Amino acid sequence: MSVKQNKMIKEVFTLDVDTDGGIHKGSFEVDKNADKIIGIAICSSRDDIAYYRGAQAIKINEEEFFPENFETKNLMSGLNVPPNLRFYRLGNIDPGNRKVEIIYTDSGLADVVAFEAHKIFLYVYSSLAVQPTE
Amino acid sequence: MEKIIVHTIRITRSFEKNLFQILLPENAESITGIAASCDIHLVNVTGQPKIQRESGYLHLFISDTGEKMFAQILHASYRIEAWEKIGEQHLVIQQFSWKTNFEMLATCQPVQNMVIDGFYEDRVGADVEEDELSYNVRIYLRLKMKQP
């Protein structure tokens, strides 16, 4: 799903996490009109599970931007963050083959919060390619 | 070009002293950011004050000279209840204190040796049953890479 507005494309990719302590992989393609990827954000249908138990690697165009074991909580944001700042800025990176890959790991540690099946939402913000005017 | 690497240490014993080494990529030029965190969470007892509890001491050293480049006292955090009631609204924990823009301590440490030595000493052990102690310490290093 993507929304194009103000020369920015906002896309949401969903990853289902349904096994306790497992590794879940998802691969998505950013919009063909995306010129540069500006930033990403992560939310979940169960924020507490993702916050306490989650870690992920994120690759864009086969390049690893976040390594394995990078905690999900470092990419999540709360209400005290202004809405237009709620994403992690990557700088203007070239989308290349437009492939975004997420490898999400549930730690399996149940001492803080017990596992339930949930969804991870990966938001990708990119700038819209300027169409040449004739 | 920048790259982030994560080194994870698993602590399973009270007062465990853990010596470790972090191997840096060959084309790393300098370390531009350092952060560390641990995933031990305490349950707050209603009515009791939340006391800041140390979970351990972390030290990082430059391998060939032995100079200390980073030290931090890591703290255990209190588990936030999954749901808090405010007025008529139920709000999830996500809505309170988290922030995006994960920030590291900015440094400019040239990489001369591909190895960083580290030392972590657990301090939680005194108050926890030994068989219950199990947590991870994560060290994040942001590296500036040499141009290919």
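**Reading strands and sheets in a predicted model**

Me: Where do I start with the sheet in chain B that holds E1, and in what order do its strands stand?

Reply: This is a predicted model. In chain B, 4 strands form an open sheet, ordered E1-E11-E3-E9, and the pairing is antiparallel.

Me: Which strands of this sheet stand at the edges?

Reply: Strand E1 (2-11) and strand E9 (105-110) of chain B do. Each has a single partner strand, so one side of each is left without a neighbour in the sheet. Neighbouring strands here are turned by 25° against each other on average, direction ignored.

Me: What holds strands of a sheet together in general?

Reply: Strands of a sheet pair through backbone hydrogen bonds, and the pairing is either parallel or antiparallel. For a case in chain B, take strand E3 (residues 28-38): 4 bridges join E3 to E9(B), and the two run antiparallel.

Me: Which residue of E9(B) is the bridge partner of Ile31(B)?

Reply: Gln109(B) is the partner of Ile31(B) in that strand.

Me: Let us move to strand E10 of chain B. Which of its residues lie on the covered face, and which on the uncovered one?

Reply: Strand E10 spans residues 115-122. Ile116(B), Gly118(B), Tyr120(B) and Asp122(B) make up the covered face. Val115(B), Asp117(B), Phe119(B) and Glu121(B) make up the uncovered face.

Me: How many bridges does E10(B) form with strand E2 of chain B?

Reply: Strand E2 (residues 17-23) pairs with E10(B) over 7 bridges, in the antiparallel sense. In one of these strand pairings, Leu19(B) has Phe119(B) of E10(B) as its bridge partner. Phe119(B) belongs to the uncovered face of E10(B).

Me: And how does strand E5 of chain B pair with E10(B)?

Reply: Strand E5 (residues 53-62) also pairs with E10(B) in the antiparallel sense, over 7 bridges. Here Leu60(B) has Gly118(B) as its bridge partner, and Gly118(B) lies on the covered face of E10(B).

Me: Now chain A. How many helices and strands are there, and in what order do they run?

Reply: Chain A has 1 helix and 9 strands. From the N terminus the elements run β-β-β-β-α-β-β-β-β-β.

Me: What does the radius of gyration of chain A say?

Reply: A compact globule of 134 residues would have a radius of gyration near 14 Å, and chain A has 15 Å, which agrees. Along its principal axes the C-alpha trace of chain A spans about 60 × 30 × 20 Å.

Me: What percentage of the residues in chain A is buried?

Reply: Buried residues account for 34% of the 134 residues.

Me: What share of the chain A contacts between residues at least 6 apart in sequence joins residues at least 24 apart?

Reply: In chain A that share is 79%.

Technical notes: Residues are numbered from 1 along each chain as its sequence is written. Chains are lettered from A and ligands numbered from 1 in the order in which they are written. This is a predicted model: local features need pLDDT of at least 70, side-chain atom pairs count only at pLDDT 80 or more; totals for chains, interfaces and linings use all residues. Two strands pair if DSSP finds at least two bridges between them. Axes are lines fitted to C-alpha atoms, for helices over the stretch in contact, and angles run from 0 to 180 degrees between N-to-C directions. A residue is buried if 20 or more other C-beta atoms lie within 10 Å of its own, exposed if 12 or fewer, and partly exposed in between; C-beta atoms are placed from the backbone. The radius of gyration is taken over C-alpha atoms; the globule rule is 2.2 Å times the number of residues to the power 0.38. Two residues are in contact if their C-beta atoms, placed from the backbone, lie within 7 Å.
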